[in-house]
Each structure stands twice: as structure tokens, then as C-alpha cells.
Amino acid sequence: MAKPVSIEVWNPNGKYRVISTKPMPGTRWINLLIEQDCRVEICTEKKTILSVEDIISLIGNKCDGVIGQLTEDWGETLFAALSRAGGKAFSNMAVGYNNVDVNAANKYGVAVGNTPGVLTETTAELAASLSLAAARRIVEADEFMRAGLYDGWLPHLFVGNLLKGQTVGVIGAGRIGSAYARMMVEGFKMNLIYYDLYQSTRLEKFVTAYGEFLKSNGEQPVHWKRASSMDEVLREADVISLHPVLDKTTYHLINKESLATMKKEAILVNCSRGPVIDEVALVEHLKQNPMFRVGLDVFEDEPFMKPGLAEMKNAVIVPHIASASKWTREGMATLAALNVLGKIKGYPIWGDSNRVEPFLNESVRPPAACPSIVNAKALGLPVSKL
Ligand SMILES: NC(=O)c1ccc[n+]([C@@H]2O[C@H](COP(=O)([O-])OP(=O)(O)OC[C@H]3O[C@@H](n4cnc5c(N)ncnc54)[C@H](O)[C@@H]3O)[C@@H](O)[C@H]2O)c1
Ligand SMILES: O=C(O)[C@H](O)CO
């Protein structure tokens, strides 16, 4: 028998029981659910990562939908429990859903939501910050100051890499990868090389237009190239940022062999998912190549790091905070809640999950649609005409 978990209840007499496995930022998401006759139960357990047993206990005997987190293991056991409790809706409060077994959700007819778009720029901004922090050794220099070691300007003190005119490499040029590429090209006048399964015509057009603008101002233009293999990016780029989804094709995409093809002074940034990098191989590479630097937001065995990583001066490491701006996190909570609410109410699916702004405008009612359901097709859910 699982231990009961502590909860906070809003609108106790609501008809539909919706659970959030964590308190989420803002109150709009709660109000939107309450206005539509939901009883909202928020898990207030102190422990960060809930176990499958904790979540089964939260679901109980009657539950219409759950808003969950990327730290939870949403597989066969949980979807079966949700289905037994009458639930037909689950949403991750995240765009990535590698913690969800979508086939299991399909089997029980549960819709799986995610939160694209609202976190694109925020996440790209952190990838740009990590690129800069690694290139200019900001964390090392900060530690040096705080340790009282600064005793005057020196020609060799914390010399790093100039980004202007160098090449930025993007692996996975989807929403976030493209936003990051634009920031690095426009902000630092870097050339772009990218690798994705699909061509990013909008990104290419952006770089071409910016290059022409620079040229018309008498400046060196920037260029783009779509690589035919990931290795081409690794060989040619000075800063490489990883933005693919995590799946079988991207697990350990960066490993001992691929690290060896990168420039000795390259910078590698990861704001996608930890297992995209073989972290043991990375630690060894950082040890052998002190001029090689990394900026990491995600780790292979979160919340843990592989032995040795924390000691590496050439690594900048932050705890999975890439989407952590107030506007974005409140927006993610709203989208997740509307995914669950929309399925409960029988709303259709929003036609373009890359264009979620109408759901985020606080001064108007959100459209009567589910913002983003990843298994909509498999479940045969209708698409909104709005
Ligand atoms: N660190 C964070 O807090 C944070 C925040 C947001 C998203 N993410 C991660 O970033 C990922 C990307 O988010 P997005 O909104 O840009 O998604 P997206 O679907 O728009 O982009 C992913 C891109 O990866 C490409 N891709 C897939 N397999 C590939 C492969 N084998 N090689 C090269 N490219 C491949 C796809 O074609 C797509 O263009 C999410 O799935 C999530 O895991 C992390
Ligand atoms: O996938 C996501 O959305 C992130 O990892 C958290 O924002």
C-alpha cells in the first residue's frame, strides 16, 4: 500500500478531478481549470522526484487528467492506473516527452500533451549564455575574483575565444536550435553550419538576408551551410550547440569518436537532453583537452553528474534551467493545463502547435482547443478549424 501524498485542493466541488504532480508557477492555469468546473489537486510533497507509486496514490480511484513533470516515468503502469480511474488526459509541463511511453498512452486511449513554442526563445537564450560563458571563461573568472586572487590586470589573464567571424554549429535546427542559431549569427556575426533531418529554409533565408545587410554596410557578410552529416558540423564548427529531441537516433550522438573529430579548442553546449552526450567520454575528453570547453544544462543521469565532471574547470554547469524565465514557466503551466482541460471537455486539437500565442494572451479567453497533443493522430482526435 503506497503512502498517501500531501495535496492542496482548489475548488473542492468541481466536477472533473485534475491533478498536478507539482506546484506550478502563476495562478492563471489554476483559474482556467476552476472556471471550467475542475477540482484541482496539487501535490505538495517535499521530495523533488515523485515515484510511480506516489503518482498512483495521487491518481486514486477517480481522476480525469494529470499534469506531470519530465522527472516522472510515465509508462504502462501509470497510464493503466489513470485509465482505471477514468482519466483520458495527461500533459507534460515540458516540450520534450522522452519520459513518456506514447505507445502505452495510445493503448489506454490517453492523450499526451506537451508545451512547445513558449519556451523556444528562453531556452535558446540560455544556450547562448552558456556559449558565451564558456567562450569567455566567465565562471572561472568569477570564482577567481571571489577567492580574492585578482591582484591586477595581466595580458594573459583569462584569455578566451572571440566568437565574431567564427562558425556556430547547430545539431537539431528545430524551434530552439533555429532560435539559437539566429541569436549567434545576428548577435555575434558568426557563420552557421547546421545538421537536421529537415531543411530549415526560414533559417537559411534569415542568414542570407543578414549577410546581405552586413555587406551593404561594408562589413564582412555571414554565411550558412546545411551539412550533409553531423560529422561535418563537428569538424568545421567552433561552437556547437545540441538541440535535437532525445530518441534512439540521438542517444550518445556525442561520444568518444565524435568528440575526437571536434576542434581542440571547440565549445560544446547541451540544452537538449543529457543522454545525447556520453558523459563519461566527455569527462575524459575535457581532461585530455583543457582548451576544449562545454556548457551543460542537462546531464546523463539527472540529477547526478558522472564522476569528475564537477571538478572540470573547462565545464560550465547549470541545473536544467534553460526554460526558467517567469513568463515561460507560467506559459508552460497554462499550456499543460489547457491540454488536459481541452481533452476533458472534448475540444479539438489546435492546428499549429508552433503557434501557441493565442493561449498565452491573458486578456482574452483561450481558444476552445488543446494547444499540443503529441499522439492526436494515433488517437484520431479532430483538428480545430479556428
Ligand atoms: N534544457 C531545457 O530546459 C530544455 C528546454 C526545452 C527543450 N529542451 C529539449 O530540446 C528539444 C528540442 O525542442 P524543440 O522545441 O526545438 O523541438 P523541435 O521538434 O522543434 O526540434 C527538434 C529538431 O531535432 C531534429 N532531429 C531529430 N532527430 C535528429 C537527429 N537524429 N539528428 C539531427 N536532428 C534531429 C528534428 O528534425 C527537429 O528539427 C526537446 O525535445 C527537449 O528535449 C530542453
Ligand atoms: O523539455 C523541456 O521543456 C525542458 O527540458 C524543460 O523546460
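Predicted model: local features only at pLDDT ≥ 70, side-chain atom pairs only at ≥ 80, totals over all residues.
At arginine 175, a polar backbone atom is 2.9 Å from an oxygen atom of ligand 1. At aspartate 297, an N or O atom in the side chain is 2.7 Å from a nitrogen atom of the ligand. Histidine 320 also takes part through its side chain, where a polar atom lies 3.3 Å from an oxygen atom of ligand 1. Taken alone, the ligand exposes 860 Å², and the protein buries 89% of that area.

Stepping back to the whole chain, the protein is divided into domain 1, made up of 5–113 + 345–377, and domain 2, covering 119–315. Taken over C-alpha atoms, the centres of the two domains are 34 Å apart. Where the domains meet, six residues of domain 1 are in contact with five residues of domain 2.

The size of an interface is often given as the accessible area lost when the parts come together. Between domain 1 and domain 2, about 550 Å² is buried, with carbon and sulfur atoms giving 54% of it. On the domain 1 side, Val95, Asn98 and Asn354 supply 69% of the area buried against domain 2, more than any other three residues. Zero salt bridges are found across this interface, whereas two residue pairs are in polar contact. The domain 1 residues that touch domain 2 divide into three nonpolar, three polar and no charged.

Technical notes:
Residues numbered from 1 in each chain as written. Chains lettered and ligands numbered in written order. Heavy atoms only, no water. Domains from an automatic or database assignment. Contact = heavy atoms within 4.5 Å. Buried area = accessible area lost by both parts, 1.4 Å probe. Salt bridge = Lys/Arg side-chain N within 4 Å of Asp/Glu carboxyl O. Polar contact = N/O pair within 3.5 Å; in protein donor to acceptor, adjacent residues only side chain to side chain. Nonpolar A, V, L, I, M, F, W, Y, C, P; charged D, E, K, R; others polar. Areas by Shrake-Rupley, 256 points an atom, 1.4 Å probe, with all protein chains shown as cover.
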